[in-house]
Amino acid sequence: ELEPKPVQIHLIVKEALKLIKASLPATIEIRHDINSDSLVLADPTQIHQVLMNLLTNAGHARRESGGILHISLSDVTLDRNFASRYPEIRPGDYIKLTVSDTGHGIPREMQDRIFDPFFTTKQEGEGTGMGLAVVHGIVRSCNGIITLYSEPGEGATFTVFLPVSGTGGQQESTGLPDIPGGTGHILIVDDEPDILNISKEMLTLLGYRVTPASDGEEALALFKEDPQGFDLLLTDMTMPRMTGDRLAEEVLAIRPHLPVVISTGYSEKLSEAKIAALGLRGLIMKPVIFRELAVMLHDILAQNPNQ
């Protein structure tokens, strides 16, 4: 079931970039230019899917010979002249998302079919041809458009325009009465500063005391200073130097009954056996839907008031 809500696209972009870096060869240079913190009314999981599809395709175009993958995000105002060329949209304020590569490009005769279901330029076994068709459908469902510009031998550029939502940035955390608050001291860990800061702000608004850490080693040091001072550990999975599951092992070796929640975009890295072995109390998939996280934390801490 889809849950359209005001979402900050730049946070999802940064999370998607973090995930894609782990799967691309070192010969591909990733450049980004993020200049918007505007909100879009959309389902955050679907926006993440759009980004991962576009980034994966761009990376695939330069997988063998290397090159540059560039992603940008900016605010634009589309006038009537522009909108007249695309009957699906209206003039107004939009977020412009661009993903480009320096690959081999897409032949002109294929460009009109690139968003058709099951059409693909990949070899057999490398894809179903549904990726860009799904992207196109998601963008259209958000009242946006996606365009392609490509010249043979000069790479390809996909541009997504999504209408800006007029809802204020704190609406999601303060305007939804069904989001439960709570009390307790949470140690939160993420190596993305923006994600760490907004998570801290949101959880503080709900009544929690929050201590942030920018990586696993910092979090472990903070925990060792006062092992009984925290009520829950909320950690990202994919971090340099110390991953979330290793941090969980270290912390639970010191205090076995501390509730631990891991947020991850890599579901395959945490099997059910691994989750059981670690003794995790929760696993939440990225991009994190704040309501789901708030409910999970409330329920866990309500069951463990003295832990």
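Q: Buried means under 20% relative accessible area. What share of the 307 residues of the protein chain counts as buried?
A: In this predicted model, 49% of the residues fall under that cut-off and count as buried.

Q: What makes up the secondary structure of the protein chain?
A: The protein chain has 11 helices and 12 strands. Among contacts with a separation of 6 or more, 71% join residues 24 or more positions apart.

Q: Why are strand 9 and strand 12 said to stand at the edges?
A: The open sheet has 5 strands in the order 9-8-10-11-12, with parallel pairing. Strand 9 (209-213) and strand 12 (282-285) each have a single partner strand, so one side of each lacks a neighbour in the sheet. From one strand to the next, the twist averages 20°.

Q: What makes strand 8 and strand 10 a pair?
A: Two strands pair if there are at least two bridges between them. Strand 8 (residues 185-189) and strand 10 (residues 232-236) run parallel and are joined by 4 bridges, so the pair meets that cut-off. Valine 189, for example, has threonine 235 in strand 10 as its bridge partner.

Q: Which strands does helix 7 touch as it packs on the sheet?
A: Helix 7 (residues 193-205) touches strand 8, strand 9 and strand 10. The direction of helix 7 makes about 170° with that of strand 9.

Q: Where does helix 9 lie?
A: Helix 9 (residues 244-254) lies across strand 8, strand 10 and strand 11 (260-264). Helix 9 runs at about 160° to strand 10.

Q: Which elements each supply at least two residues of the lining of the second largest cavity?
A: Helix 2 (44-61), helix 5 (131-141) and strand 7 (156-163) do. Helix 2 gives the largest share, 3 residues.

Conventions: Residues are numbered from 1 along each chain as its sequence is written. This is a predicted model: local features need pLDDT of at least 70, side-chain atom pairs count only at pLDDT 80 or more; totals for chains, interfaces and linings use all residues. Side-chain values use heavy atoms; hydrogens and water are left out. Axes are lines fitted to C-alpha atoms, for helices over the stretch in contact, and angles run from 0 to 180 degrees between N-to-C directions. Contact means heavy atoms within 4.5 Å. Buried means under 20% relative accessible area, exposed over 50%, partly exposed in between (1.4 Å probe, protein chains only).
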